[in-house]
Amino acid sequence: MLFKGAIKITPTHFPKSRSLQDFKSRPPNAFFLPFCLFVFTRSIILMKLLSSLFSLYVHLSVFLFLLFTQGQCASQVISAHSSETPPDNFIGFDAVPDKVVDGSVVRVRYQCSGQCQLAVEVVVSTLQKTDLMVFRRKWKSSRLRDYRIHQVLLRLPPSISYQRDFFNRNILDTQNVTVRGWLGSFKNGSELSTYHSSMLRIYKALQIIPPSERPSKPPTGCPSWSAQLMWQMTSHRIHQCPHESDIIDMLKFPLASTGERFGVIRRFQPFIDRALERTRRHAVTQPSVTLSVWIYLLKWCQKKLCGIIHHVNRKNLYDTVLMQLTNTGNIIIQARKITGEDEAFQVQAMLPLLKWIRLDYYIQNSEDSIHYDDTDGYFVIGGGSYLQGIRGYFGPIRYYRFGTKQVKCKEVKCIHLLCFLAQPHSKTVYYDLKKTCTQTWTFETQIKYSTLFQLLLRKEDTLFNKHLSVSEGSLNLKDLGSVLFEETVGTMFSVDKAQMKITSQSMAALQESSCLGNHRASLLLATIHLSGNTNPPCIFQGHVYSLIGALGDDRFALMHAGYKHLMGIDGFPKDLEMAYSYYSNIGTQTCIDSSRIYENKQHSTEHIYLNNEEDLNRLTHETKDDFQYLKFQAERGDIESQKRMGTMLYWGQNGVSKDIVSAAKWIERSAMQMKDPSAMYDYSILLMKGQGVKRNYTRAFRLLRKAAAMGSINALNGLGWYHGTVLKDHKNAAKYFEQAALNGSDDGMFNLGIYHLSGMNPDRPWRNESAAFEQFLNASRFGHVTASVEAARYLSMGSLEGVSQDMKRAVILLKKVCERNGHLGFMIREALQAYLQGSWQEAFVKYLLAAQTGLVLAQSNVAHLCEELNLGYECQWRYHNYSILNYDPHPFALLKMGDYYYYHSPGTQEDSLSLAEQAISMYSRAALAGSPQVTDLLQL
């Protein structure tokens with residue numbers, strides 16, 4: 001569908017005319033050709049007018065020609081002001097080198113009629129600059145009418161006299177080098193002369209020595225062996241000029257848009273090429289722009305407006321372009337005019353659902369004076385901070401910065417993936433299941449959905465009485481999908497498990513579970529396809545199920561998509577902006593989940609590695625002796641034991657089941673001894689939140705005051721929260737938050753940042769985003785979840801003054817946050833329990849799902865189970881390799897990858913050397929990470 005924002009007018013750009021100043025900046029020998037042409041042109045004209053003086057003029061022309069020809073080969077005196085030059089002034093070269101050689105000698109003979117100033121200079125010209133002075137030596141003479149010779153030692157910079165080496169890296173590729181001298185008058189109090197203001201000038205062009213033939217500079221130091229080796233490996237690398245194009249692919253890979261405020265942020269920089277940048281700047285007030293956008297809509301906008309693409313400038317205002325979808329399927333286009341006013345119009349399109357659509361947006365030299373500067377601010381694909389996005393998929397998006405007359409379909413490169421992606425949504429895989437099953441399925445329906453039909457027959461009583469909720473006479477399809485998924489997981493590796501082959505029946509069950517809305521099944525299907533365990537392998541199908549799971553807003557699927565784009569693996573392009581889009585979604589969910597971490601379906605992630613006996617021995621249970629002894633000590637009144645009991649029961653740590661009520665009792669007993677301020681603070685928080693105990697603000701406030709008086713920094717933050725939230729005393733709240741922040745409380749830093757952001761502090765009643773960002777960033781260094789999300793938001797946009805865009809840092813911050821998600825911790829907990837109970841296949845699947853999020857712990861444990869279950873060496877290598885790609889790889893994984901490279905059979909001697917280097921690299925990284933095996937080996 002074509003939308004045109006203006007009348008098509010082809011812009012005309014005129015080249016800049018050249019002035020005389022352009023010629024003045026050239027080296028002296030650059031005047032030779034223009035002057036000769038000038039002389040001969042004037043010769044022809046004068047020959048026609050003064051035929052009687054023909055022979056005289058020819059002699060004059062020949063004389064001038066020879067005069068300037070000698071200027072190319074030898075020194076020549078040039079008088080700048082012949083009528084003003086006093087008599088008896090003279091300057092010339094007595095000796096001058098022919099080549100550019102450092103340390104050569106120039107001898108100048110001269111005579112002055114009065115006090116004079118003289119100089120010898122060396123100027124060079126490159127492709128970028130002319131008249132670049134690299135040497136100058138001045139002197140004065142008061143000897144009147146005395147013929148003298150002065151000797152000058154040329155000390156040239158290494159960049160033009162020596163070849164490139166370790167110490168001389170920045171060399172100039174000179175086009176010409178000229179030695180020149182000049183003589184100027186000098187009187188006391190007068191200004192010093194320069195080359196262009198002097199009376200007499202001489203010059204000589206030197207022969208250029210190519211950089212490869214120049215002598216080596218004598219060494220001034222001794223580089224280390226490693227530095228010298230690195231230099232030898234990289235010194236002959238050919239640096240290519242960056243290619244710039246006005247055509248940009250804003251998206252090359254489909255993006256799942258959940259209809260929320262988590263889009264892809266793109267910033268555009270000025271062109272490096274001056275001609276392109278000049279054209280872009282000229283087009284700010286006369287834009288010629290084209291945007292081609294592919295979208296696949298599942299629903300129209302649930303609210304009044306949803307974002308397709310929008311531009312936010314540095315003032316945080318909407319700018320050109322703003323493209324929105326309405327709740328009726330129409331499109332609204334908005335643009336900003338040069339006057340600062342906004343103008344919008346609506347396109348009655350009624351965009352179809354469940355179809356790929358291409359929207360082409362044109363601005364071509366609008367008569368309405370549209371203002372368009374794509375380097376001002378940032379663009380958002382989908383939803384952003386101020387606007388929710390569409391619900392569906394974005395396909396390829398191509399941006400023509402200088403416009404195009406027509407977008408060609410053949411320019412889209414991932415149509416095959418778009419077709420794959422449309423198939424699951426085009427099928428109506430929904431079932432009308434009544435509570436009493438009065439309707440009989442036809443034989444064709446039973447065959448089509450055989451897996452689901454057999455499940456309903458086997459689980460009829462359980463499904464309808466326990467697992468599935470009833471709503472308007474039909475069953476909850478998500479619950480049905482969950483039951484189908486759980487049953488499939490337990491049996492999927494029962495056949496041919498030695499080669500990790502999945503049965504066709506299990507694949508069909510997972511597909512039906514995915515269609516019913518269980519996106520853990522979508523993620524597992526994506527994992528199976530991406531690992532090549534299907535016949536035939538289909539990586540496109542893996543991408544499809546990854547995107548379906550992300551669109552379903554599943555936490556694990558979102559982390560999976562973000563992780564794949566962060567690393568650029570399994571066919572996903574490395575794209576930090578797309579990774580941020582997914583991570584920002586799950587990061588926001590993690591902030592909400594962290595406030596409900598006490599719920600039964602959440603757990604803090606415990607880092608228990610299955611290959612580490614010490615980790616496994618740390619696990620306890622309510623029936624074990626160590627737990628009973630800890631409980632005995634707590635009952636005797638030991639504060640530390642009581643606190644430990646409360647912590648283990650509250651978070652469900654070390655294999656202990658979560659029990660908030662019992663945890664609150666132990667925390668209360670430790671707090672009521674009034675000896676430990678941290679225990680008093682913990683119990684006051686439970687009282688204020690009403691977790692495990694009845695809410696009591698008054699009692700909590702008294703405990704907080706006592707804990708703060710005893711030195712608890714967290715209690716200061718608690719007092720700030722109490723004054724701000726309960727008492728509405730924002731002045732005292734800000735004071736307590738500031739005290740807590742100054743003493744290192746991450747919660748205090750975050751709350752103080754909120755006060756800066758909202759302007760709630762009566763002493764500073766204004767919004768200060770810079771101060772807020774500083775506090776968020778400080779709190780994020782301590783691992784504060786919500787502060788990390790806020791800091792990442794500012795880093796991703798780069799719109800705050802003094803804060804440049806740093807997408808990589810933003811993504812790493814969010815990845816750390818997401819790995820602390822309580823639901824991910826719960827999956828790790830279930831996998832560990834299954835492993836301890838001997839259900840290794842179930843543990844493998846659950847660790848496998850967690851490993852897709854990029855969690856190093858889960859990836860290492862999957863690799864360990866691949867070995868225990870004899871699933872093949874490729875399975876081990878895959879997940880060890882995944883884990884070492886992370887920013888904090890486990891030393892054991894580095895050791896295993898080192899062993900893989902060391903013992904791998906190479907094909908050639910070159911391969912052997914390459915594998916040995918990689919093995920050494922892995923062992924070195926393991927040693928730096930603190931691996932005891934490598935440390936012991938090095939000590940031997």
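Reader: Let me start from the rule that a salt bridge is a side-chain nitrogen of Lys or Arg within 4 Å of a carboxyl oxygen of Asp or Glu. How many salt bridges does a search of the whole structure find?

Author: The search of the whole structure gives 34 salt bridges. Please keep in mind that this is a predicted model, in which local features need pLDDT of at least 70 and side-chain atom pairs count only at pLDDT 80 or more, while totals for chains, interfaces and linings use all residues. Residues are numbered from 1 along each chain as its sequence is written, and side-chain values use heavy atoms, with hydrogens and water left out.

Reader: Fine. Which residue does R280 form a salt bridge with?

Author: The partner of R280 is D373, and the closest N and O atoms of the two are 2.8 Å apart. Helices (H or I, at least four residues) and strands (E, at least two) are taken here as DSSP runs, numbered from the N terminus.

Reader: Are R280 and D373 buried or exposed?

Author: Both R280 and D373 are buried.

Reader: What about R136, which residue does it bridge to?

Author: R136 forms a salt bridge with E121, with 3.0 Å between the closest N and O atoms. That pair links distant parts of the chain, since R136 is in strand 6 (residues 132-141) and E121 is in strand 5 (residues 116-125), 15 residues apart. R136 counts as partly exposed because its relative accessibility is 39%, while E121 counts as buried because its value is 1%.

Reader: Switching to the backbone, which peptide bond is cis?

Author: The bond from T320 to V321 is cis, with omega near 20°, and V321 is found in strand 15 (residues 318-326). For context, most residues other than glycine have a negative phi, and most peptide bonds are trans.

Reader: Then where is D570, given its phi near 55°?

Author: D570 has that positive phi although it is a residue other than glycine, and its place is in the loop between helix 15 (555-567) and helix 16 (576-594). D570 counts as buried because its relative accessibility is 16%. K728 also has a positive phi, near 60°, and it sits in the loop between helix 23 (713-726) and helix 24 (730-742). K728 counts as exposed because its relative accessibility is 57%.

Reader: Now the rings: how many aromatic pairs are there?

Author: The count comes to 21 aromatic pairs. The rule is that rings of Phe, Tyr and Trp (its six-membered ring) pair if their centres lie within 6.5 Å, and planes under 30 degrees apart count as stacked, over 60 as edge-to-face and the rest as tilted. One of the pairs is F166 with F167, which is edge-to-face, at 5.1 Å centre to centre and 85° between the planes. F166 counts as buried at 17% relative accessibility, whereas F167 is partly exposed at 41%.

Reader: What is the geometry of Y697 and Y722?

Author: Y697 and Y722 form a tilted pair, with 6.4 Å centre to centre and 55° between the planes. Their pair links distant parts of the chain, with Y697 in helix 22 (residues 697-709) and Y722 in helix 23, 25 residues apart. Y722 is buried at 8% relative accessible area, while Y697 counts as partly exposed at 29%.

Reader: Which rings are linked into a cluster?

Author: Ring pairs link F268, Y372, F379 and Y399 into a cluster.

Reader: Last one: which ring does the charged end of R180 sit over?

Author: The charged end of R180 sits over the ring of Y195, 3.9 Å from the ring centre. This requires NZ of Lys or CZ of Arg to be within 6 Å of the ring centre and within 35 degrees of the ring normal. K735 has its charged end over the ring of Y736, 5.1 Å from the centre.

Technical notes:
Buried < 20%, exposed > 50% of the residue type's maximum accessible area, 1.4 Å probe, protein only.
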